[in-house]
Amino acid sequence: MGEVKGFLKYKRKGFEKETVEQRTKHFNEFVKLLPDENLREQGARCMDCGIPFCQSGCPIGNVIPDWNDLVYNDKWYFALERLLSTNNFPEFTGRLCPALCENSCVLAINQPAVTIKNIELAIIEKAYSEGWIKPKAPKFRTGRKVAIIGSGPSGLACADQLNKYGHFVTVFEKNEKPGGLLALGIPDFKLDKKVISRRIAIMEEEGIIFKTGINVGYDISVKELKRKFDAVVLCGGAEQPRDLPVPGRGLDGIYFALQFLSQQNRVNAGWDIDPLKLINAKGKRVVVLGGGDTGSDCIGTSIRQGAVSVQNFELLSPPPKERASDNPWPQWAFIQRTSTSHEEGCEREYLVLTKKFSGEQGKVKKLHCVKVEFTPKDSITGRREMREIPGSEFEVKADLVLLALGFLGPVKTGLISDLKLELDERGNVKTDANFMSSVPGIFSAGDMHRGQSLVVWAIKEGRNAAEGVNRFLS
Ligand SMILES: Cc1cc2nc3c(=O)[nH]c(=O)nc-3n(C[C@H](O)[C@H](O)[C@H](O)COP(=O)(O)OP(=O)(O)OC[C@H]3O[C@@H](n4cnc5c(N)ncnc54)[C@H](O)[C@@H]3O)c2cc1C
């Protein structure tokens, strides 16, 4: 451990961000890495605890104290080696992860946590700029062939690991570009798409084949893939959005969040969009339903498009500002968080239920809402009951409504129905401990298996499924 009292000497310093005024004028990333000297000081804040709770808080078990110390000692290349030993894509998690590790950092018991996520990003970006990230094709090939369906972070991590084991890997993707939600969901201001293409180019040079524009289950049957490949891994994500089937839902101007977000990513990439199908918030009063990550991305995107107002309604109660007593450190803190998109200007309201939409000439004009409350937890079932508050009905004007209400697992038609795959009680693909589904030789990982989750969990699942496949093939 480099500087024993570093945590007493240095204060937490995060990345610099463009001001709200600057960053809402464009769709690009807006955070700036700190100079090396500052990053070394931040690394010195790590206490190299006897039990590194940060490491167990991280789903992929990143060996965080090691790389904090190596950065402090200016040994960036060695820090990179430690980082890549557990994480295939630190350039994605370093930008997108909610940093579960920082919630479990021992310093976070009574001080701001070590800036683990920022140090991770700095290591990988230095590695790219120094030319340390080079294609490393496997030295031998097993002759076994694996098909991966879906190129989100789980499919990419699985492909990367299986290729390292020497198997021939082909990734099938229905969209125009690989990346899954990283490419066509998460806004460019959170993840520059060049970061994905830079990684895909390396994976291609290492021997992985990407076949885009192929919807498996429609363009080619998964049974045919099963005949041609020794194993198939389903990494198709949790693509079934939760709808709001209330009167007026069919009006124009009400869209699922991903229809809106993926279109903006396509526009940014310069792809042709049918002008009649363009969804744009410019000059509109926008209401985003749903208070999670997806809702937050809709807010940031609407503001950049030039919305006149953005309101965000959430059905549940606001989380507490501080950890509740039944949610102690080192657990993930269930507290109210303000994303950079929230900072950019939106009104957030909790405990709001939308009962119907109304409109004029087929276009949405109003939401009809009511305030709700939840009963205390039932001592036996642990459930809370939702009640509408009489007399609290209200209306809100809106020209664009974005539904960011979460996802109900994978789409059940196509792949899943063709294979008659067994599903778990939440409607996700059921697997054994080796990530193999009810059909021998067919595996599943990521949101398709776990349900809507996080990039870091998708990477973890992709890595674990690759181990299962490798065991199966050997
Ligand atoms: C708007 C939004 C913002 C998010 N922001 C964050 C964030 O900031 N941080 C974070 O950690 N997580 C975030 N998440 C969650 C994260 O993106 C997902 O958990 C993660 O991408 C899941 O990875 P995956 O590989 O399982 O699936 P996905 O990324 O969903 O990829 C699945 C891929 O499979 C393809 N596919 C599906 N079916 C077929 C088929 N039949 N044939 C061929 N291809 C197919 C799809 O086209 C898609 O490309 C966000 C999610 C959303 C929706």
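The points below go through the domains, the ligand shell, the sheet and helix packing, and some local backbone features of a predicted model.

1. Basis. Residues are numbered from 1 along each chain as its sequence is written. Because the model is predicted, local features need pLDDT of at least 70 and side-chain atom pairs count only at pLDDT 80 or more, while totals for chains, interfaces and linings use all residues.

2. Domains. The protein is divided into domain 1 (6-130), domain 2 (145-239 + 408-473) and domain 3 (254-403), with bounds that come from an automatic or database domain assignment. The C-alpha centres of domain 1 and domain 2 lie 28 Å apart, and 18 residues of domain 1 are in contact with 21 residues of domain 2 (contact: C-beta atoms, placed from the backbone, within 7 Å). On the domain 1 side, helix H7 (residues 90-96) gives the largest share, 5 residues, and that side as a whole divides into 10 nonpolar, 4 polar and 4 charged residues. Here Ala, Val, Leu, Ile, Met, Phe, Trp, Tyr, Cys and Pro count as nonpolar, Asp, Glu, Lys and Arg as charged, and the others, Gly among them, as polar.

3. Ligand shell. The ligand is surrounded by 38 residues, of which the closest are Gly150, Gly152, Gly180, Gly237 and Gly446; a residue is near a molecule if its C-beta atom, placed from the backbone, lies within 6 Å of it. Both domain 2 and domain 3 give residues to this shell, so the ligand shell lies between them. At least two shell residues come from each of helix H10 (153-164), strand E4 (168-173), helix H15 (293-305), helix H18 (447-450) and helix H19 (455-473), where helices (H or I, at least four residues) and strands (E, at least two) are DSSP runs numbered from the N terminus. By class the shell has 16 nonpolar, 16 polar and 6 charged residues.

4. Parallel sheet. An open sheet of 5 strands, with parallel pairing, has the order E5-E4-E3-E6-E16 (strands pair if DSSP finds at least two bridges between them). Strand E5 (209-212) and strand E16 (442-444) stand at the edges with a single partner strand each, so one side of each is left without a neighbour in the sheet. Within the sheet, strand E3 (residues 145-149) and strand E6 (residues 231-234) pair over 4 bridges, and Ala147 stands opposite Val232 in E6.

5. Helix packing. H10 lies across E3, E4 and E6 and runs at about 165 degrees to E4. H10 also packs with H19 at an angle of about 40 degrees, their axes being 7 Å apart; axes are lines fitted to C-alpha atoms, for helices over the stretch in contact, and angles run from 0 to 180 degrees between N-to-C directions. The residues of this contact include Leu156 and Ala157 of H10 and Ala458 and Ile459 of H19, and its residues divide into 11 nonpolar, 5 polar and 2 charged.

6. Hairpin. Strand E11 (residues 352-360) and strand E12 (residues 363-374) pair in the antiparallel sense over 8 bridges, and Val364 in E12 is the bridge partner of Gly359. These strands form a hairpin with 2 residues between them, and Gln361 in the turn has a positive phi of about 50 degrees.

7. Backbone points to inspect. Most residues other than glycine have a negative phi, and most peptide bonds are trans. Leu351, in the loop between strand E10 (347-349) and E11, has a positive phi of about 60 degrees although it is not a glycine. A cis peptide bond, with omega about 5 degrees, joins Trp329 and Pro330, and Pro330 is in the loop between strand E9 (309-313) and helix H16 (340-343).

Terms used:
Two residues are in contact if their C-beta atoms, placed from the backbone, lie within 7 Å.
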